[in-house]
Amino acid sequence: MLELIITIAIIGVIVKVSVSLLMDDAGSARVAKLESDVSTLNQMVALYVADGGSVAGLTSPQAVLDKMKRIRPQAEWQKHVGAASGRLLDVRLRARMTSQPDADNNPRVFWNKTKQRFELNKATGSAVSEFYFDESLAGADFGTETRTKSTFAFNSSTKGWVWGTSVTDPAANYLNPQPFAPPASANGFDPNESAPTTSEPPADDATGTGGGGSGTGGGGTSTPPTVTKLPRPAITPAGGTFAFTSFPTSATISRNGALPEVSKLMYRVNSGAWIEYTGSAIPLTPAMNLQAVNESTRPAEYSTSNTNSQTYYRLTSGFSGTGEANWGNAIGGTNLVTNIQNGTTSSTFKHGNTKLDLGNGEYLDAGVENVLSFTPEEFDTITPNTWFKFGELMLLNGTTFYNSEATGVTLSVNLSLTQPSLNFTTHIDLGLTSTENTSDRLASADIVELKNPTTDIRVTIDGVEYRLELSWATLDPGAGVVQGSKFLIFEGATAQAELRARFTSNR
């Protein structure tokens, strides 16, 4: 009996230790994956920048990922190295954001906008706990962008296989010329030169007991001078994306400890000519890039600092305008029946056959088809990244027969903006599902789904790109409910839904 008790106790200890080790292994695997993802993504960032892209001013990890999902215009595909389209990331890749570390204080990923790289640490605040694939983004279009000249470019405007550098060698610095005394002739190989009398290198002409290197003093040895790197100058305020009313009017630059007797403080605006800074405030304009550097005037002792580069973006003051909607491009079953009534204030789309054939020429008419009626709303001074009422949709779940319902329809909204002054049309694709009627009220609900919640509209103002996004909000919870991008209307009910929108900035 005693041996049995001891055996059971030993087995319990082994099980407890094994479970602990397995849990530790799972945590280590997650951290190892995150480390691998960070290494790979930083390589992708480097490739993207080398290909002419820019991540300057981006502050969130997801914004960096989405930037690298863009492609070049097709006209440029044959004129640069790398992936033909210029896209570096799978469009499904997303960053799962958390506000604090988990209970085990595992490291998370932060985006360092100054160093322009992903970093893994255990700091608090909003950060990435996991990179994963979101299958709902498989068909997403992140747009095109015309990038600056990449590090390597095509050799000519015609097809070929020869590539060459597009970056010229830096010009020599003539501000502080140094004397140059070559120790021998610069003519290269001389066939008439006599062979050396010994294979040993000549001894230095040093005096004292250590001369010639034969003594312990080593008098023939010299140490190269140490060159100190100048500190990077500071720019105040730092760059970034600012609200319209908070955009800074000017910036100042400081030497950040660099001595004026050994350096010059230089700056330039938007890749223009370098100018010596005199201390005056530099006026700022939206999308402006300001660079500063401490340039060495004594290169034998000090090397030029790294460049401080800051870009200033300003969000627009707000969007104002109105729209006019039209239904069209309906698709559906083999016996599809539709009725479209487009108007200036509201537009209505009806679909489905309400008559049930009883035979012998007799029909039972349910009298109520499926109805979608949209009324656009005017909007005034809507700030970026803020949801507003884009329009109101009335949805009626009718009774129809014989596979006559629509499965999809397009709502085209002609937008007229007064701020900024622009006119364009967005096409909102709606998926329609007519469900079987059962005793389950939710399971019998018809579905209207936003197929493209991120629309095809792009507006660029002061270097910032805005995209129009859409979502649902129920106005009558007793008749319809929202589930993500889907709006569900209960059988026989008439539901009011708010179609919300926002202009989302890429910075």
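Colleague: What should I know about the model before starting?

Modeller: It is predicted, so local features need pLDDT of at least 70 and side-chain atom pairs count only at pLDDT 80 or more, while totals for chains, interfaces and linings use all residues. Residues are numbered from 1 along each chain as its sequence is written, and side-chain values use heavy atoms, leaving out hydrogens and water.

Colleague: How many aromatic pairs does the structure hold?

Modeller: Rings of Phe, Tyr and Trp (its six-membered ring) pair if their centres lie within 6.5 Å; planes under 30 degrees apart are stacked, over 60 edge-to-face, and the rest tilted. This structure has 13 such pairs. One of them joins Phe-319 and Tyr-466 edge-to-face, with 5.3 Å between centres and 80° between planes.

Colleague: Which parts does that pair tie together?

Modeller: Strands here are DSSP runs of E, at least two residues, numbered from the N terminus. Phe-319 lies in strand S17 and Tyr-466 in strand S29, so the pair ties together parts 147 residues apart in sequence. Ring pairs also link Phe-319, Phe-379, Phe-388, Tyr-466 and Phe-503 into a cluster.

Colleague: Are Phe-319 and Tyr-466 buried or exposed?

Modeller: Buried means under 20% relative accessible area, exposed over 50%, partly exposed in between (1.4 Å probe, protein chains only). Both Phe-319 and Tyr-466 are buried.

Colleague: What about the largest nonpolar core?

Modeller: A nonpolar core is a set of buried Ala, Val, Leu, Ile, Met, Phe, Trp, Tyr and Cys residues joined through side-chain atoms within 4.5 Å. The largest has 47 residues, and strand S25 gives the most to this core, with 6 residues.

Notes: Helix = DSSP H or I, 4+ residues; strand = E, 2+ residues; numbered from the N terminus.
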